[in-house]
Amino acid sequence: MRRVIEYYNTLAKEYDNIYKDIKYMRSVEFKVLKSEIKKDYLILDVGCGTGEHLMYLRDYNIIGLDISIEMLKRAKDKSGKFVVVGDIQHLPFKSRSFNCVISFFGALNHVQINRALKEIRRILVKEGLFIFTLANLYHMRWIFKSLLRKGWWYTVKAIKKRKGDITKVVDGKKIRVNTRFYSLEEVEDLLEKHNFHIKYTFGTYITNSPLDNILYKTFLKHFGGYIGAVAVKK
Ligand SMILES: C[S@@+](CC[C@H](N)C(=O)[O-])C[C@H]1O[C@@H](n2cnc3c(N)ncnc32)[C@H](O)[C@@H]1O
């Protein structure tokens, strides 16, 4: 956990700049949110980062939570929303407090997923919504690139391992964080195990073009950079 905090505290000042070219992924995320979220919901964004979704949902009752204080400072400055330093695996809220929990762009790839899902379920009201994306094990564009650059054995081994590193350079210093990838089938099994009903699953960052707004619920969702679901607490 310490390495995750250090990584994001260092990345925070560059984060929005590094990820400025993901507007098509954002448009799919926003489309899903817009169609699912109601005005009277109390929403928690876990792993809110620099507050992209707090900004998008600024006219709603929404709170941001993140483990990195530097990411949160930016989220607070950008959105003006209430933010909390905390861990998705031990949420500092009473049971059945929120109508909706959201988590986008891979916060869930850094945690013990069973603990996180247990906590998210605990703080949701009955029939509360859980809307999220996480990094996909079968990201086709990554697989093609890896086959071309590193070959078959490296790529198959990396997929089998399911774990990898994200590396960035900030102020000339290399920073690295561990991440665990999931397939859409695994996500479905996990949601069922934790007693969520799956309303639908979707993919983002499939072609990284406006086409993603049409393809996000098709079978190509299995091969996007990020996979997600709209799930309901049973
Ligand atoms: C890739 S960023 C995504 C941020 C934001 N949701 C977005 O869409 O840009 C992942 C975020 O998850 C946060 N995070 C990682 N592990 C966490 C944990 N255990 N509890 C809370 N936040 C966590 C990181 O600090 C980081 O801000």
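How much of the chain over residues 44-132 is helix and how much is strand, and how far apart are the end C-alpha atoms? I looked this up first. Over that stretch the chain is 30% helix and 30% strand, and the end C-alpha atoms lie 12 Å apart. I note that the model is predicted.

I traced an open sheet of seven strands in the order β3-β2-β1-β4-β5-β9-β8, with mixed pairing. β3 (83-85) and β8 (196-204) are the edge strands; each has a single partner strand, so one side of each lacks a neighbour in the sheet. From one strand to the next the twist averages 15 degrees.

Entry on the strand pairs. Strand β1 (residues 42-46) pairs with strand β4 (residues 98-103) in the parallel sense, over three bridges. Here isoleucine 43 stands opposite cysteine 100 in β4. Leucine 44 has isoleucine 63 in β2 as its bridge partner. β2 and β3 run parallel and are joined by three bridges. For aspartate 66, the bridge partner in β3 is valine 85.

Which strands does helix α2 touch? I found helix α2 (residues 23-36) packed on the sheet, where α2 touches β5 (124-135), β8 and β9 (226-233). The direction of α2 makes about 170 degrees with that of β5.

Entry on a helix pair. I then checked helix α1 (residues 2-18) against helix α4 (residues 69-79). They pack at an angle of about 30 degrees, and their axes are 7 Å apart. Angles under 35 degrees count as roughly parallel, and α1 and α4 are therefore roughly parallel to each other. On the α1 side I listed Tyr8, Asn9, Ala12 and Tyr15; these meet Ile69, Glu70, Met71 and Arg74 in α4. The residues of this contact divide into five nonpolar, one polar and two charged.

Entry on the ligand. Which residues come nearest to the ligand? Of the 20 residues around the ligand, I noted Gly47, Gly49, Ser68, Phe105 and Ala107 as the nearest. I sorted the shell by residue type: 11 are nonpolar, six polar and three charged.

Key: Residues numbered from 1 in each chain as written. Predicted model: local features only at pLDDT ≥ 70, side-chain atom pairs only at ≥ 80, totals over all residues. Pairing = 2+ DSSP bridges. Helix = DSSP H or I, 4+ residues; strand = E, 2+ residues; numbered from the N terminus. Axes fitted to C-alpha atoms, helices over the stretch in contact; angles between N-to-C directions. Contact = placed C-beta atoms within 7 Å. Near = placed C-beta within 6 Å. Nonpolar A, V, L, I, M, F, W, Y, C, P; charged D, E, K, R; others polar. Parallel < 35°, antiparallel > 145°, perpendicular 65-115°, else oblique.
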